[in-house]
Amino acid sequence: MKLGVDTPTGMDARGYAIELKGIITKSIQRLSLHLNAGYEFLTSTGRGERDGRYHLALGASYPLGAPKFTRLTLVGDVFAEQSGRRGEAPVVGTEVGLRYQLTPRVVWDVGIGTEFAGPAHRSDLFLTTGFSLGF
């Protein structure tokens, strides 16, 4: 289980978002399958906006170079997110990426994805990267 709270910090930001998420993982040999299901409750919405929305992701990960090396992992998923506005179709997409363990406490992630169904303003292509630090 995961509980998250987003606070308003930007220009014209208002309200809070509280997210409750369930995370399930099943490993088969080196392959790991993942299901993430969550719901985000929004405290301040405008006209036509939802006061909450769901997020679902079904993915897999596989360590490349195992069993000798396990620092590099291939990850991928298919996801669906309820649109933030009433009457719009949910966004559906897919992503693929890599996780590389730089040190025992630092991981680098990089990925590419697309949203192939949903509102007309969806993303044709997106890239993401980031670092995770364990403490």
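**Note on side-chain pairs and the pocket**

1. Y39 is partly exposed, at 31% relative accessibility; in these terms, buried means under 20% relative accessible area, exposed over 50%, and partly exposed in between (1.4 Å probe, protein chains only). The model is predicted: local features need pLDDT of at least 70, side-chain atom pairs count only at pLDDT 80 or more, and totals for chains, interfaces and linings use all residues. Residues are numbered from 1 along each chain as its sequence is written, and side-chain values use heavy atoms, with hydrogens and water left out.

2. The whole structure contains one aromatic pair. Its members are Y39 and F41, in an edge-to-face arrangement with 4.8 Å centre to centre and 65° between the planes. The rule pairs rings of Phe, Tyr and Trp (its six-membered ring) if their centres lie within 6.5 Å, with planes under 30 degrees apart counted as stacked, over 60 as edge-to-face and the rest as tilted. F41 counts as partly exposed at 42% relative accessibility.

3. Three salt bridges are counted, each defined as a side-chain nitrogen of Lys or Arg within 4 Å of a carboxyl oxygen of Asp or Glu. In one of them, K21 pairs with E19, the closest N and O atoms being 4.0 Å apart. Both K21 and E19 are buried.

4. R53 forms a salt bridge with E40, with 3.4 Å between the closest N and O atoms. This pair links distant parts of the chain, since R53 lies in strand β4 and E40 in strand β3, 13 residues apart; strands (E, at least two residues) are DSSP runs, numbered from the N terminus. R53 is partly exposed at 24% relative accessible area, whereas E40 is buried at 11%.

5. R99 and D109 meet in a salt bridge at 3.1 Å, N to O. The pair joins distant parts of the chain, R99 in strand β6 and D109 in strand β7, ten residues apart. R99 is partly exposed, at 34% relative accessibility.

6. The largest pocket holds about 520 Å³ of space. Among its 25 lining residues, the closest to the centre are V75, G76, D77, E95 and R99. On a 1 Å grid over the protein atoms alone, a pocket is an open set of points where a 1.4 Å probe fits, with protein on both sides within 12 Å along at least five of seven lines; lining residues have an atom within 4 Å of a point. The volume is the space filled by probe spheres set on the points.

How values were computed:
Helices (H or I, at least four residues) and strands (E, at least two) are DSSP runs, numbered from the N terminus.
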